[in-house]
Every structure is written in C-alpha cells, then in structure tokens.
Amino acid sequence: MMVTEWACGTAFGLASFEGRYYIGAADHHGEKPMSPSKWARVTQAEAYGLRRGAWYPVVSNSNSTTVVLDVNKSNRPVNRAHLEFSGEPPNKWSVVQRSPEDRAAKRASDRELGPVYGVCPECRERTIIEERVPSLACPSCGSEHEVDWDNPC
C-alpha cells in the first residue's frame with residue numbers, strides 16, 4: 001500500500017512493505033525527510049524492550065490500540081496505553097527514576113546508572129544525574145539541554 005500526496009513539490013506518504021510501515025516526506029530531489037509530527041516514550045519499565053525516557057518518532061498512529069514507533073530505523077508496534085505523547089520533538093533531558101526493585105535496575109548494563117539517570121534528547125544516550133542541575137551536556141554527542149525535572153518517567 002502506498003499513499004502519496006503532493007504539496008509544494010514534496011511527497012508525503014505512508015508505505016507498507018513486508019509488514020513494516022514507513023512514513024516521511026522527501027522532495028522530488030530525494031532530500032532529507034520531514035520531521036515526525038508526534039513523539040512518544042514508554043511509561044513503564046521494560047515495556048517492549050524500549051528505553052525509559054527515550055523519545056521515539058511516531059510512524060503510525062491510526063490504530064486505536066497500537067502505535068508504530070521508529071526505533072533505530074526499525075518499526076516497532078507498541079500498545080498505546082504504555083505511551084506518553086508529545087507534539088514537539090524532545091528538547092529536554094528525560095529524568096528516569098526507578099526503584100531498586102525494578103528488574104531493569106538489576107541488569108549489569110544499568111548498575112552503573114543508579115536509580116536516577118538522564119536520557120539525552122538528541123542521541124538517547126543515558127548518563128548519571130547526581131544532583132538536581134538545571135541543564136546538562138551529553139557526554140556522547142556534546143549537546144546541552146535543560147533537564148526535565150517536572151516530568152520524570
């Protein structure tokens with residue numbers, strides 16, 4: 001299935017190929033696709049194997065129970081009830097707070113992060129947040145953003 005609409009020399013579409021959905025826009029010269037219009041992050045620990053605090057572009061939002069997210073260029077269906085949505089691209093560090101009883105907190109890869117850590121809005125890298133700082137520079141990509149202390153996940 002391919003749905004395409006032309007506006008100002010740009011093609012918008014949702015395509016399904018071998019059970020995977022693709023969304024985006026590219027002009028007729030094959031330039032960079034448009035940014036997604038919706039973003040989502042999981043609200044539960046270990047939901048669908050996605051990282052808590054990381055925002056993912058919404059690929060398809062037409063089903064009443066399932067939303068398709070772009071997770072590292074792979075489309076992943078997720079139950080809508082386990083997601084938080086935003087109409088804006090992420091621009092603040094997500095703060096993840098978990099209890100020591102969480103299974104995720106006990107995994108070897110997460111032990112160094114502790115019960116409170118941040119997720120970069122640019123690259124989704126996780127890092128320790130040791131004190132309540134207003135902004136943080138990412139050790140991986142170098143971008144600096146405010147920390148979203150008001151909406152922990």
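**Figure 1. V68 within strand 6 of the predicted model.** V68 has its place in strand 6, where strands (E, at least two residues) and helices (H or I, at least four residues) are DSSP runs numbered from the N terminus. The model is predicted, so that local features need pLDDT of at least 70 and side-chain atom pairs count only at pLDDT 80 or more, while totals for chains, interfaces and linings use all residues. Residues are numbered from 1 along each chain as its sequence is written, and side-chain values use heavy atoms, with hydrogens and water left out. With a relative accessible area of 10%, V68 is buried, a class that means under 20% relative accessible area, as against exposed at over 50% and partly exposed in between (1.4 Å probe, protein chains only). Between V68 and A40 the C-alpha to C-alpha distance is 9.9 Å, although the two are 28 residues apart in sequence.

Figure 2. Strand 5 pairs with strand 4 in the antiparallel sense over two bridges, two strands being counted as paired if DSSP finds at least two bridges between them. Within this view, W39 stands opposite P57 of strand 5. Strand 5 also runs antiparallel to strand 6, with two bridges joining them, and S60 has V68 in strand 6 as its bridge partner. The link from strand 5 to strand 6 is a hairpin through five residues.

**Figure 3. The largest nonpolar core and the surroundings of L83.** The largest nonpolar core has 17 residues, and those with the most contacts inside it are L50, Y56, L69 and L83. At least two residues of this core come from each of strand 4 (39–42), strand 5 (56–60), strand 6 (66–71) and strand 10 (116–119), and strand 6 gives the most, with three residues. Such a core is a set of buried Ala, Val, Leu, Ile, Met, Phe, Trp, Tyr and Cys residues joined through side-chain atoms within 4.5 Å. In soluble globular proteins, nonpolar side chains tend to be buried together. When its neighbours within four places in sequence are left aside, L83 is in contact (heavy atoms within 4.5 Å) with A40, R41, V42, T43, V67, L69 and V78. Another core, of nine residues, lies apart from the largest one and has W93, V95, C138 and V147 among its members.

**Figure 4. A salt bridge between R41 and E84.** The structure holds one salt bridge, defined as a side-chain nitrogen of Lys or Arg within 4 Å of a carboxyl oxygen of Asp or Glu. R41 forms a salt bridge with E84, and their closest N and O atoms are 3.0 Å apart. The pair links distant parts of the chain, since R41 belongs to strand 4 and E84 to strand 8 (residues 83–86), 43 residues apart. R41 is buried, with a relative accessible area of 1%, whereas E84, with a relative accessible area of 29%, is partly exposed.

Figure 5. T127 is found in strand 11 and is buried, with a relative accessible area of 16%. Apart from neighbours within four places in sequence, T127 is in contact with W93, L113, Y117, G118, L136 and P139.

Figure 6. C123 is in no disulfide, and the nearest cysteine sulfur to its own, that of C138, is 3.7 Å away. C123 counts as partly exposed, at 33% relative accessibility. C141 is likewise in no disulfide, with the nearest cysteine sulfur, that of C120, 3.8 Å away, and at 39% relative accessibility C141 counts as partly exposed.

Note on methods:
A disulfide is a pair of cysteine sulfur atoms within 2.5 Å.
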